Amino acid sequence: MRRIVLWLASTITVVVLVFGYHTSTNKTLLAGVTNGTSTNGTSSARPSSPSSADSGGPAATRTYTGAVTQTRWGPVQVQVTLRGEKITKVTVLQRPSGNSKDTEINDYALPILVQDTISAQSATIDMVSGATLTSTGYVQSLQSALDEART
Amino acid sequence: MSSATTVRRGEARLHRHVEHVMGMPVSVALRGRHARTPAGCAAWRAVITELRDVDRVFSTYRDDSVINRLGRGELTLEQCPVEVAEVMELGRQAERRSGGAFSVHLPGPDGRLRLDASGVVKGWAVQRAARFFSSLADTDFCFSAGGDIICHTTGAAGDPWRIGIEHPHDPRSLIAVVPVRAGAVATSSTAHRGHHLLDARTGRPVQGVASVTVIGRSLDRVDIDATSAYAQGGRAASWLRTRPGRTALVVWPDASTTVIDGRLSTS
């Protein structure tokens with residue numbers, strides 16, 4: 001969860017910088033962002049509604065869609081809705097995939113000790129990690145048995 | 001010299017290549033869309049070509065290699081390919097982190113210290129070369145160079161690669177198996193090459209530990225950590241615990257083991 005909040009917060013910072021080129025109301029946008037970043041890190045990605053700019057009116061609702069931005073966690077695209085000069089909604093259109101803690105833990109497991117001697121031909125292993133296998137030692141190694149691939 | 005074979009294992013069809021480069025066997029198992037396509041074969045050839053280039057630069061066995069010429073003072077670092085500076089920096093960091101147990105200055109055949117980045121180069125080179133396999137869409141790979149391994153699996157549903165860890169006392173059997181979906185595995189021990197692993201602080205062969213296997217995200221890091229941990233001898237496990245995010249298996253001389261779980265700490 002913390003990770004999602006982190007990239008969302010950094011994304012909003014980036015979004016502000018990006019929007020800075022598109023609007024002349026930098027100061028008011030920044031004020032809006034201060035409120036905006038206190039939202040909890042909801043990250044549902046919904047399709048963006050078309051940007052609309054009501055002309056005039058102090059409470060006009062405007063929607064800005066930022067460009068896809070590369071963050072250290074991956075590509076992010078955010079849509080911001082303002083009512084007047086306050087950000088009222090942040091919608092994440094695209095967020096980094098993977099690299100959540102769950103995925104990290106699934107990347108590899110702990111080594112599982114083998115109780116009995118297993119020969120390469122019957123073991124369900126794909127590759128052998130050992131001390132540097134040299135080409136001279138290779139012929140006798142488990143790895144060569146795998147590479148020869150007798151089913 | 002290169003051979004390729006296809007096997008069926010369970011539901012997945014693996015396609016394997018093996019070739020000898022840098023004095024060691026380099027093997028890959030491919031699974032998925034490009035396992036047998038021209039793109040897959042081209043990726044393999046690109047990997048082998050790059051590893052041969054690395055060997056020309058860094059081999060201490062070739063008299064005219066860049067590393068030997070640098071070590072003899074015939075070249076300055078600035079005159080070397082830029083990769084040499086990168087590798088030297090990795091070596092410096094490794095020396096610092098290991099408290100000097102790991103070093104890029106090691107005794108040569110005549111007993112005198114010489115520049116030898118072999119402990120760093122292999123993991124670094126293999127990690128770089130793996131990008132050719134990463135570029136194959138929808139293709140899983142398990143890539144081993146002399147027992148240092150990088151794996152990748154596309155999609156969360158794919159079977160993890162099963163990496164057998166060689167028993168340090170018997171190269172024909174296993175001591176453990178580690179399932180890896182995405183990550184790197186490196187093992188240090190004295191098997192296969194006699195006492196090529198020396199404690200850089202004493203210059204003598206390491207004792208007190210039979211082998212160290214480290215599992216993590218990138219091969220250059222786990223390769224250095226496995227070598228550095230091994231050089232710590234009997235302190236290998238406690239040294240590994242100071243390295244954030246490293247999961248490892250230490251095998252002691254009596255074949256007892258210690259498993260270190262680093263997955264829950266941030267690295």
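## The main core

In this predicted model, the largest nonpolar core is made up of 61 residues. The residues with the most contacts inside this core are B:Leu51, B:Phe58, B:Phe133, B:Phe143, B:Val212, B:Leu240 and B:Val250. Helix α1 of chain B, spanning residues 38–58, contributes the most to this core, with eight residues. A separate core of 19 residues lies apart from it, and includes A:Met127, B:Cys142, B:Ile163 and B:Ile175.

Let's take a look around B:Val250. Setting aside neighbours within four places in sequence, B:Val250 is in contact with B:Val209, B:Ser211, B:Val212, B:Ala236, B:Ala237, B:Leu240, B:Ser256, B:Thr257, B:Thr258 and B:Ile260.

Now to a helix pair in chain B. Helix α4 (residues 118–129) and helix α6 (residues 219–231) of chain B have axes that come within 7 Å and cross at roughly 155 degrees. Because that angle is over 145 degrees, α4(B) and α6(B) are roughly antiparallel to each other. The crossing of α4(B) past α6(B) is right-handed.

On the α4(B) side, the residues that meet α6(B) are B:Gly119, B:Val120, B:Lys122, B:Gly123, B:Trp124, B:Val126 and B:Gln127. Their partners in α6(B) are B:Leu219, B:Asp220, B:Asp223, B:Ile224 and B:Thr227. Sorted by class, this contact has five nonpolar, four polar and three charged residues.

## A buried valine in chain A

Over in chain A, A:Val92 sits in strand β4, which covers residues 86–94. Is A:Val92 buried or exposed? A:Val92 has a relative accessible area of 1%, under the 20% cut-off, so A:Val92 is buried. A:Val80 is twelve residues away from A:Val92 along the chain, and their C-alpha atoms are separated by 8.7 Å.

Terms used:
Residues numbered from 1 in each chain as written. Chains lettered and ligands numbered in written order. Predicted model: local features only at pLDDT ≥ 70, side-chain atom pairs only at ≥ 80, totals over all residues. Heavy atoms only, no water. Core = buried A, V, L, I, M, F, W, Y, C linked by side-chain atoms within 4.5 Å. Buried < 20%, exposed > 50% of the residue type's maximum accessible area, 1.4 Å probe, protein only. Helix = DSSP H or I, 4+ residues; strand = E, 2+ residues; numbered from the N terminus. Contact = heavy atoms within 4.5 Å. Axes fitted to C-alpha atoms, helices over the stretch in contact; angles between N-to-C directions. Parallel < 35°, antiparallel > 145°, perpendicular 65-115°, else oblique. Left-handed = near helix turned anticlockwise from the far one by under 90°. Nonpolar A, V, L, I, M, F, W, Y, C, P; charged D, E, K, R; others polar.
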